[in-house]
Number of protein chains: 2
Amino acid sequence: MSDVARLAGVSIKTVSRVVNDEPAVHPDTAERVMAAIEQLGFRRNLGARNLRRGSTTGTIGLIVEDVGNPFYSELNRAVERIATSFGRQVLTGSSEENSDRERELALEFCARRVDGILVVPAGMQHGYLVPEMRAGTPVVFIDRPAGDIVADTVLVDNIGGTVEAVTHLVKHGHRRIAFLADSADIFTASERLRGFREGCARAGIFYDERLVIMRTPTPSSVGDAVSALLSGLEPATAVLAGNNRVAVHLLRALAHADKRPAMISFDDFELADLLDPPVTVMAHDVSALGHAAAELLFARVQGDQSTPRKVVLPVHLVARGSGEVAP
Amino acid sequence: MSDVARLAGVSIKTVSRVVNDEPAVHPDTAERVMAAIEQLGFRRNLGARNLRRGSTTGTIGLIVEDVGNPFYSELNRAVERIATSFGRQVLTGSSEENSDRERELALEFCARRVDGILVVPAGMQHGYLVPEMRAGTPVVFIDRPAGDIVADTVLVDNIGGTVEAVTHLVKHGHRRIAFLADSADIFTASERLRGFREGCARAGIFYDERLVIMRTPTPSSVGDAVSALLSGLEPATAVLAGNNRVAVHLLRALAHADKRPAMISFDDFELADLLDPPVTVMAHDVSALGHAAAELLFARVQGDQSTPRKVVLPVHLVARGSGEVAP
DNA sequence: CGCCACTATGACAACGTTGTCGCCCAATAG
DNA sequence: CTATTGGGCGACAACGTTGTCATAGTGGCG
């Protein structure tokens with residue numbers, strides 16, 4: 001900036017005025033300054049600016065499990081859209097479902113003085129965020145609630161959705177329904193399990209623990225689970241997949257099976273409608289999840305001090321075929 | 001920091017020493033300082049630190065067309081992985097295939113003094129980056145080359161891959177092959193068109209302009225294209241989809257067709273193997289694309305001054321069924 | 001006992017920017 | 001003519017941090 005000032009024959013303050021479009025600059029002077037800026041390729045240092053002004057940095061942090069997972073990338077996109085509309089940029093990070101990594105990312109974002117943080121929490125302990133929140137960095141939890149603090153949260157109706165899925169399968173004649181989901185340590189998985197039990201109870205079918213398998217979905221873990229569930233004296237006639245990852249692995253495991261059970265996936269996913277049979281899903285609007293969370297965050301950034309809110313978005317059944325086959 | 005210093009009864013410099021693990025601090029003093037830091041919830045301001053040290057900011061920028069597109073989110077993930085290994089964080093932005101937006105994002109990243117930029121360019125003019133690159137911000141182009149400047153670039157073998165796809169279809173008896181791709185303004189689409197023509201020439205089949213349709217893929221644009229290609233006196237017997245978006249829309253358009261043409265997709269995509277018939281693709285390693293680009297970028301960040309490099313990654317055929325049906 | 005080396009600490013400036021205040025000068029009013 | 005106004009501009013401090021240098025104290029050595 002001082003180089004520009006020297007070249008234009010003005011003080012650095014005047015250069016500052018020009019780059020900030022402040023009024024009290026003579027047009028001729030402004031032009032000289034602009035020419036100097038152009039010639040030197042000057043670009044103002046936003047870091048220094050933010051430091052001096054003590055204002056916001058114009059960035060927010062987003063922590064998800066894996067930015068490469070289509071579910072989270074859609075979320076990322078929705079968040080970015082809102083952030084852009086508020087003139088902010090997004091720092092993203094993948095926690096890899098590891099609470100230490102989540103914490104590390106969150107604290108690094110705080111050190112960068114992001115204006116706020118959106119997090120799909122991996123861990124259950126969030127006390128480490130209390131000082132940061134008290135210091136003025138708003139945090140909104142997405143898809144899963146905070147472990148041990150009170151904070152804004154945006155969720156989907158995990159229980160209601162799962163109950164509806166079970167009800168739907170029972171309506172089509174199933175009484176041996178398996179629940180195949182991610183590890184019970186994960187909030188959404190354990191909530192959906194609760195919904196599964198409640199669905200069984202309401203439909204008046206026996207809740208059989210042997211038909212519930214919950215662990216991190218990999219091709220082999222899901223493959224093994226499928227073998228177990230579909231064999232034996234009373235095999236499952238329908239499978240409820242606890243999320244989109246489980247559903248994809250389940251489909252692959254079933255691809256070459258001779259007799260395929262009915263299935264419903266919690267979470268919609270691309271091409272579900274083009275498979276054979278098309279996959280019935282409990283769908284929810286992932287973009288809406290991101291929108292709602294980001295809107296909430298920016299309300300906080302702009303000074304909203306009301307008590308923490310909890311938003312629950314609806315889940316609805318999209319019947320496509322796989323969930324409507326008889327036992 | 002001065003609050004911490006006051007509480008611990010030391011100077012701010014000593015606090016600085018403690019937070020930076022500098023050796024010459026008495027253990028007792030260090031402990032008092034740590035206690036004060038804990039009590040006040042102090043976290044050092046990375047912006048101020050970077051300003052003072054004049055060092056790197058520890059961030060890189062990534063510009064893609066759409067962070068929500070699985071192709072780019074996989075790329076994002078790969079880039080993030082490398083960035084993390086170099087202790088950097090990633091600012092992401094979606095250009096929405098708009099060159100003004102691309103430019104805006106890139107210049108904002110520069111204003112934030114990112115250590116480097118990775119960009120899947122939307123536009124063809126990149127002169128605006130010259131001052132920034134001269135000022136020391138390395139830029140690596142991914143998937144598409146820079147328009148009018150010389151810079152590091154990582155591409156996939158678009159021409160070779162398309163030639164192979166055409167050859168494969170011809171080998172299975174097709175002579176009326178359609179090419180359905182994104183707008184020819186997009187580098188990858190136009191390169192693949194070149195490959196398509198070359199493939200036709202090499203295989204000795206007639207290149208029929210009427211079988212080439214290139215425009216932004218939407219359900220309706222692809223649907224219309226399919227109707228046109230598959231009707232008439234000499235309909236196409238095979239379709240080559242120019243990218244994963246086109247492929248998905250194509251599959252949906254064909255879902256209820258009575259006679260389905262053979263098809264190959266340039267780009268692999270999730271569940272391609274589970275469709276009926278499974279989709280034959282020209283696959284390339286998107287993660288490798290991100291890895292290579294990020295590695296190249298960090299080499300530059302660390303001072304590599306060699307002449308700009310161009311890396312071309314291989315594409316290979318994955319025969320699954322849809323590309324092996326006879327006319 | 002004086003000197004040196006070394007440890008532990010602090011004062012101060014500087015990074016690049018902007019807010020505050022004050023100065024100069026021309027134009028206008030009285 | 002003088003007094004007042006306000007447009008245009010610059011000097012300076014400050015944002016939070018760290019590099020440089022100086023200083024005070026301590027222990028060892030000749």
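With 25 C-beta neighbours inside 10 Å, Ser94(B) counts as buried, where a residue is termed buried if 20 or more other C-beta atoms lie within 10 Å of its own, exposed if 12 or fewer, and partly exposed in between, the C-beta atoms being placed from the backbone. The model is a predicted one, in which local features need pLDDT of at least 70 and side-chain atom pairs count only at pLDDT 80 or more, while totals for chains, interfaces and linings use all residues. Residues are numbered from 1 along each chain as its sequence is written, and chains are lettered from A and ligands numbered from 1 in the order in which they are written.

Ser94(B) belongs to strand 2 of chain B; helices (H or I, at least four residues) and strands (E, at least two) are DSSP runs numbered from the N terminus. Leaving aside residues up to four places away in sequence, Ser94(B) touches Arg77(A) and Glu80(A) of the partner chain as well as Val64(B), Glu65(B), Asp66(B) and Val67(B), a contact being defined by C-beta atoms, placed from the backbone, that lie within 7 Å. The C-alpha atoms of Ser94(B) and Val64(B) are separated by 5.2 Å, although the two residues are 30 residues apart along the chain.

Between the chains, 42 residues of chain A are in contact with 42 residues of chain B. On the side of chain A that touches chain B, two or more residues each come from helix 4, helix 5 (70–85), strand 2 (89–94), helix 6 (99–111), helix 7 (130–134) and helix 11 (244–254) of chain A. This side divides into 17 nonpolar, 12 polar and 13 charged residues, with Ala, Val, Leu, Ile, Met, Phe, Trp, Tyr, Cys and Pro taken as nonpolar, Asp, Glu, Lys and Arg as charged, and the others, Gly among them, as polar. Of the interface residues of chain A, 100% are also interface residues in chain B, so the copies meet through the same surface.

Chain A is superposed on chain B by a rotation of 180° with 0.0 Å of shift along its axis (RMSD 0.0 Å), which is the relation of a two-fold axis; the superposition is by least squares on the C-alpha atoms of residues with pLDDT of at least 70 in both copies. Among the residues of chain A, Leu91(A) comes closest to the rotation axis, its C-alpha lying at 2.3 Å. Leu91(A) has Leu91(B), in strand 2 of chain B, as its bridge partner, and strand 2 of chain A pairs with strand 2 of chain B in the antiparallel sense over three bridges, pairing being assigned if DSSP finds at least two bridges between two strands.

These strands form part of an open sheet of 12 strands with mixed pairing, in the order 11(A)-5(A)-4(A)-3(A)-1(A)-2(A)-2(B)-1(B)-3(B)-4(B)-5(B)-11(B). Its edge strands, each pairing on one side only, are strand 11 (310–313) of chain A and strand 11 (310–313) of chain B. Neighbouring strands of the sheet are turned by 20° against each other on average, direction ignored, the axes being lines fitted to C-alpha atoms, for helices over the stretch in contact, and angles running from 0 to 180 degrees between N-to-C directions. Within chain A, strand 1 (residues 59–64) and strand 2 run parallel and are joined by six bridges, with Ile60(A) standing opposite Val90(A).

Strand 6 (residues 177–181) of chain A has five of its five residues buried, so it is largely enclosed by the rest of the structure. Ile177(A), Phe179(A) and Ala181(A) point one way from this strand, and Ala178(A) and Leu180(A) the other way. Strand 6 runs parallel to strand 8 (residues 238–241) of chain A, to which four bridges join it, and Val239(A) is the bridge partner of Ala178(A). Three bridges likewise join strand 6 to strand 7 (residues 212–214) of chain A in the parallel sense, where Leu180(A) stands opposite Ile213(A).

Around DNA strand D there are 24 residues, of which Ser11(A), Thr14(A), Arg52(A), Met1(B) and Ser16(B) are the closest; a residue is near a molecule or strand if its C-beta atom, placed from the backbone, lies within 6 Å of it. Helix 4 of chain B gives the most to this surface, with five residues.

Definitions and conventions. Contact = placed C-beta atoms within 7 Å.
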